[in-house]
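Please look at the structure below with its helices and aromatic rings in mind.

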Amino acid sequence: MELKVIPIVQVVIAMILMALVQGFLPTLNYSDIINPNINLTLVTLLVFIAILIGFLAIYSFRKHQTTVNPSKPETSSQVVDSGIYQYSRNPMYLAMLLALLAYACYLTNLLTFLICGLFIWYIGKYQITPEERMLTKLFGQDYTNYKNSVRRWL
């Protein structure tokens, strides 16, 4: 399963699961206890932050002329440790998670947040861990130092 399902497909699968949860278990909806305007503001803010982080992450990779292809980490040309990458080793995945959290808030169903947790577990085990193993192999101590100084998510 490692590096087989590209992250954007993982996000789509998570969104489909969230929609199914909402459709089959609508009684776990919390829309009656939260102000719709506050919820819409939260959703909008999360989407905006997700887009901004995603853009900054891709920009950093392009600036350093290295690959953004998550299924081929072995084609990376260098460790990117500046820009948004000085705060998170995985800002693209963080952006995807924020988008999923925004969708969960939009659906206003408590169980949809469990799908976000499932996404974190899956991407950590089958995407991030294999990427880190490959980057350690490619860049040795440089990547190990980076990994030890910057958190995986935030």
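## Helix packing and aromatic pairs

The model is a predicted one, in which local features need pLDDT of at least 70 and side-chain atom pairs count only at pLDDT 80 or more, while totals for chains, interfaces and linings use all residues. Residues are numbered from 1 along each chain as its sequence is written, and side-chain values use heavy atoms, with hydrogens and water left out.

Two packed helices are described by the angle between their axes and the distance between the axes. Here the helices are DSSP runs (H or I, at least four residues), numbered from the N terminus, and the axes are lines fitted to C-alpha atoms over the stretch in contact, with angles from 0 to 180 degrees between N-to-C directions. The table sets out two such pairs.

| Helices | Axes come within | Crossing angle |
|---|---|---|
| H1 (residues 7-24) and H4 (residues 112-139) | 10 Å | roughly 155 degrees |
| H2 (residues 36-63) and H3 (residues 91-107) | 8 Å | roughly 165 degrees |

H1 and H4 are therefore roughly antiparallel to each other, and H2 and H3 are likewise roughly antiparallel; angles over 145 degrees count as roughly antiparallel, under 35 as roughly parallel, 65 to 115 as roughly perpendicular and the rest as oblique. H2 passes H3 in a left-handed crossing.

Which residues of H1 meet H4? Contact means heavy atoms within 4.5 Å, and on the H1 side the residues are Pro 7, Gln 10, Val 11, Ala 14, Leu 17, Met 18 and Val 21. Their partners in H4 include Ile 115, Phe 119 and Tyr 122. The residues of this contact of H1 with H4 divide into twelve nonpolar, three polar and no charged, where Ala, Val, Leu, Ile, Met, Phe, Trp, Tyr, Cys and Pro count as nonpolar, Asp, Glu, Lys and Arg as charged, and the others, Gly among them, as polar. Between H2 and H3, the residues that meet include Leu 42, Leu 46 and Ile 53 in H2, and Leu 94, Leu 98 and Tyr 106 in H3. By class, this contact of H2 with H3 has 20 nonpolar, two polar and no charged residues.

A search of the whole structure finds eight aromatic pairs, where rings of Phe, Tyr and Trp (its six-membered ring) pair if their centres lie within 6.5 Å, and planes under 30 degrees apart count as stacked, over 60 as edge-to-face and the rest as tilted. One of the pairs, Trp 121 with Tyr 126, is edge-to-face, at 5.9 Å centre to centre and 85 degrees between the planes. Together with Tyr 122, Trp 121 and Tyr 126 form one aromatic cluster. Trp 121 is partly exposed, with a relative accessible area of 46%, whereas Tyr 126, at 18%, counts as buried; buried means under 20% relative accessible area, exposed over 50% and partly exposed in between (1.4 Å probe, protein chains only).

Asn 90 is found in the loop between H2 and H3, and is buried, with a relative accessible area of 7%. Leaving aside its neighbours within four places in sequence, Asn 90 is in contact with Ile 128, Glu 131, Glu 132 and Arg 152.

How values were computed. Helix = DSSP H or I, 4+ residues; strand = E, 2+ residues; numbered from the N terminus. Left-handed = near helix turned anticlockwise from the far one by under 90°.
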